[in-house]
Amino acid sequence: PGLTGPFPTSLEQNHKLQILMLRGASLDGPIDTIELPDSLVLLDVARNFLTGSLPSRLPSSLQSLSLEDNFLSGSLDDDTTFERCTELRELYLENNRFQHTIVSETFLSSLSQLQELDLSDNPNIRGEVPMMALLWWWNNLEVLDLHDTGIEQFPSSDAILANKNINSTTTTTAALKFLALHQTPSLRGTVPFSHMMPELTFTQLTHLDLTSATGLTGDMSDDLSLSSMTSLRYLFLAHTNFTPGTVPLSSLLQKLTNLVDVSFKNSRRTGPISSIIPNSSSSSINWNAMMTNLVLLDLEDNALTGNIPEELFYTNSNLQYVLLNRNQLNGTIPSSVEQAKNLKMLILNDNLLSGDVPNDSIASLKHLEYLWLHGNPSLTGSLPCDDEK
């Protein structure tokens with residue numbers, strides 16, 4: 001649009017105005033003094049050049065507020081800004097310059113109807129991940145995005161246990177479906193999912209991203225209570241420093257049959273890869289049934305050993321991306337790779353693989369776009385020509 005200049009300072013007399021959308025309109029200047037009508041339900045002024053702090057007063061009828069991609073700053077702790085926003089469902093404040101500690105009880109308790117909260121790309125937002133709010137106020141929250149912030153810690157286990165005992169002794173299922181805490185270098189301590197159970201469970205969670213949250217510690221499987229997240233589809237734990245150990249994939253997939261994308265890249269995983277993908281002759285686990293939905297398996301840059309199990313590729317038509325490079329895998333490339341008919345990426349470089357490359361199997365993969373085998377000096381044979389693929 002061709003709109004420019006400051007945001008209109010007074011719209012309060014427009015008593016019938018319910019929706020105001022000025023996204024990407026090149027508006028500039030502060031908005032802290034604007035006055036909005038109580039009839040307003042949706043305000044979208046994202047992708048402008050707005051500056052300063054939030055308005056000191058927001059309408060009580062407001063349900064959706066989009067202020068992302070501006071130059072807004074100041075604190076979110078002002079007790080008057082959100083105290084009337086008891087109907088607010090969506091709050092998008094990402095990619096600004098806010099400073100906030102996420103501890104204000106007014107901020108947390110006023111937004112009891114909140115379903116989506118995005119504070120990402122605000123590096124000066126600090127304090128605790130607001131897990132307590134899930135116990136006390138945010139019973140409807142489905143999306144919590146804090147990636148690329150300065151968030152510093154989870155609540156302590158003692159604080160969680162104390163609040164659980166005060167709040168309730170019954171089991172509640174959190175509405176949370178999307179939790180993003182990736183690229184949070186200041187985040188320290190353990191993830192307290194296990195301490196919040198059984199009073200609060202996370203069976204609705206479909207997306208968990210802790211990529212590059214390098215300060216997190218503890219046991220990857222136990223502290224995160226991954227096996228209880230039965231709706232999980234996207235699990236990203238790359239570049240983390242949890243206690244070294246095996247990838248708990250085989251046990252997870254028995255319960256998390258909806259997994260689509262899984263990344264444990266550079267996460268200090270060790271041990272034989274057969275403990276991740278059990279051999280059918282030595283296990284009663286139906287690996288094929290468990291990985292029916294799996295599209296991405298990324299185990300790059302760990303210390304995994306042993307042969308690549310043939311079971312990885314059996315009858316999984318959805319598998320498209322397999323990254324096993326920069327490990328210590330040995331043995332041959334299984335000919336069963338031809339079973340993964342939709343495979344686009346097979347990355348096996350920098351291992352200890354040997355024997356002939358299964359030329360015919362590779363040639364049958366009509367969708368294959370990336371094949372990396374370098375750094376395996378004992379591999380022999382030839383690759384299929386273009387007219388064979």
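Q: How many aromatic pairs does the structure hold?
A: This predicted model holds two aromatic pairs.

Q: Why is the pair of Phe 49 and Phe 71 called stacked?
A: The ring centres of Phe 49 and Phe 71 are 6.3 Å apart, and pairing requires centres within 6.5 Å. Their planes stand at 10 degrees; planes under 30 degrees apart count as stacked, so this pair is stacked.

Q: What makes this a link between distant parts of the chain?
A: Phe 49 lies in strand E5 (residues 49-52) and Phe 71 in strand E7 (residues 71-75), 22 residues apart.

Q: Why does Phe 49 count as partly exposed?
A: Its relative accessibility is 44%. Buried means under 20% and exposed over 50%, so Phe 49 falls in between and is partly exposed.

Q: Why is the pair of Phe 193 and Phe 202 called edge-to-face?
A: The centres of these rings are 4.7 Å apart, within the 6.5 Å limit. The planes of Phe 193 and Phe 202 are at 65 degrees; over 60 counts as edge-to-face, so the pair is edge-to-face.

Q: Are Phe 193 and Phe 202 buried or exposed?
A: Both Phe 193 and Phe 202 are buried.

Q: Which residues have the most contacts inside the largest nonpolar core?
A: This core has 103 residues, and those with the most contacts inside it include Phe 202, Leu 91 and Trp 138.

Q: Which helix gives the largest share of this core?
A: H2 gives the largest share, five residues.

Key: Residues are numbered from 1 along each chain as its sequence is written. This is a predicted model: local features need pLDDT of at least 70, side-chain atom pairs count only at pLDDT 80 or more; totals for chains, interfaces and linings use all residues. Side-chain values use heavy atoms; hydrogens and water are left out. Rings of Phe, Tyr and Trp (its six-membered ring) pair if their centres lie within 6.5 Å; planes under 30 degrees apart count as stacked, over 60 as edge-to-face and the rest as tilted. Helices (H or I, at least four residues) and strands (E, at least two) are DSSP runs, numbered from the N terminus. Buried means under 20% relative accessible area, exposed over 50%, partly exposed in between (1.4 Å probe, protein chains only). A nonpolar core is a set of buried Ala, Val, Leu, Ile, Met, Phe, Trp, Tyr and Cys residues joined through side-chain atoms within 4.5 Å.
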